[in-house]
Amino acid sequence: MSTSLEGQSVVVVGGSTGIGWAVAETTAKAGARTFALGRSGRAPEGTQGMVADVTDLPSMKAAFARIGQIHHIAYTAWSRQGAPSLGTLTSDHLQQTFDAKLFGALHAVRLALPYLDPLASITFTSGQVSRRYGVGSVLKGSVNAAVDSAGKHLAKELAPRRVNVISPGVTDTAQWGEAGSAKRLEALERIAAALPIKRVATPEELASAYLFVMANPFVTGAVFDINGGGLL
Ligand SMILES: NC(=O)c1ccc[n+]([C@@H]2O[C@H](COP(=O)([O-])OP(=O)(O)OC[C@H]3O[C@@H](n4cnc5c(N)ncnc54)[C@H](OP(=O)(O)O)[C@@H]3O)[C@@H](O)[C@H]2O)c1
């Protein structure tokens, strides 16, 4: 089956860094007209960067109106809040996490509805911590579980449009520290040692999963684990 996205438009919400950046780059290479949305407006070569904030709904609405017809949305935006335990969890942690990752995703799809192609695909992003339980994981775990669930509900509600969720394991992005920093290298080496694959994912390995769900017209309501065996 072809993974060409020739003649199609892709919007990556959170496309200005990390996994979203790789999704924007990969879909543009597959022939799509790709728009990378974020607060910074940064975007890979061959894509169009647009300044939009998922917590500022008029900015999202304006971005979709400028883009016009949309064939695929990938949502990778989120707010880095660390791993607070319940005792140290603040309203701010909760608000920012759920605003950027869950509420932002639902609002984005709602605001994009007038522009969504009848056979459009929507791909949310959760994370393995929704099902990997541990101390300090209640915040990320619960928001990711909510995203997994939202994707399945919307796959029925928005059909025949397709809705899927990519659930990454640990992936080498700035979430883990500045590029090349000792903090990032040490954290990723420690995590890699415990994985069956013995390394963490690259953003490009994640991006190929987003491309797969966009291009395969029979995939909907699925949560794809791309985690190097992190849930085993
Ligand atoms: N990396 C991992 O190990 C890992 C593991 C499991 C799950 N995940 C999930 O994968 C997704 C992407 O992670 P990542 O590591 O690529 O993260 P990242 O590098 O921190 O990227 C986050 C993106 O979200 C955008 N963003 C944040 N707040 C925003 C806002 N209010 N409005 C618009 N855009 C906003 C940022 O762009 P601007 O700053 O330009 O706004 C950036 O492009 C997240 O859902 C994360 O939870 C990652």
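Colleague: What makes the span of helix H4 close to the expected one in this predicted model?

Modeller: Helix H4 covers residues 138-157, which is 20 residues. The expected span is 1.5 Å times one less than the number of residues. For H4 that expectation is 28 Å, and the helix reaches 28 Å from its first C-alpha to its last.

Colleague: Which residues of H4 are buried, and what covers them?

Modeller: The buried residues of H4 are Leu-139, Lys-140, Gly-141, Val-143, Asn-144, Val-147, Gly-151 and Leu-154. Their cover includes helix H3 (91-112) and the strands E5 (116-125), E6 (162-168) and E7 (223-226).

Colleague: Why is strand E5 described as largely enclosed by the rest of the structure?

Modeller: Of the 10 residues of E5, 7 are buried, and therefore the strand is largely enclosed by the rest of the structure.

Colleague: How do you know that E4 and E5 pair, and in which sense do they run?

Modeller: Two strands pair if at least two bridges are found between them. Strand E4 (residues 70-75) and E5 have 4 bridges, and the pairing is parallel. Within it, Ile-70 stands opposite Leu-116 in E5.

Colleague: Why is Val-54 called buried?

Modeller: A residue is buried if 20 or more other C-beta atoms lie within 10 Å of its own. Val-54 has 24 C-beta neighbours inside 10 Å, so it counts as buried. The place of Val-54 is in the loop between strand E3 (48-51) and helix H2 (57-67).

Colleague: Which residues is Val-54 in contact with, leaving aside its neighbours within four places in sequence?

Modeller: Contact requires C-beta atoms within 7 Å. On that basis Val-54 is in contact with Val-13, Met-60, Ala-77, Ala-100, Gly-104 and Ala-108.

Colleague: Which residues touch the most other members of the largest nonpolar core?

Modeller: That core has 56 residues, and those touching the most other members are Val-12, Val-13, Leu-37, Ile-73, Ala-108, Leu-206 and Tyr-210. Helix H6 (residues 203-215) gives the most to this core, namely 7 residues. Leaving aside neighbours within four places in sequence, Tyr-210 is in contact with Val-23, Ala-74, Thr-123 and Ile-166.

Colleague: What kinds of residue make up the shell around the ligand, and which come nearest?

Modeller: The shell divides into 8 nonpolar, 15 polar and 5 charged residues. Gly counts among the polar residues. Of the 28 residues around the ligand, Gly-18, Gly-38, Arg-39, Ser-40 and Gly-127 come nearest. The largest share of the shell, 3 residues, comes from helix H1.

Notes: Residues numbered from 1 in each chain as written. Predicted model: local features only at pLDDT ≥ 70, side-chain atom pairs only at ≥ 80, totals over all residues. Core = buried A, V, L, I, M, F, W, Y, C linked by C-beta atoms within 7 Å. Buried ≥ 20, exposed ≤ 12 C-beta atoms within 10 Å, placed from the backbone. Helix = DSSP H or I, 4+ residues; strand = E, 2+ residues; numbered from the N terminus. Contact = placed C-beta atoms within 7 Å. Near = placed C-beta within 6 Å.
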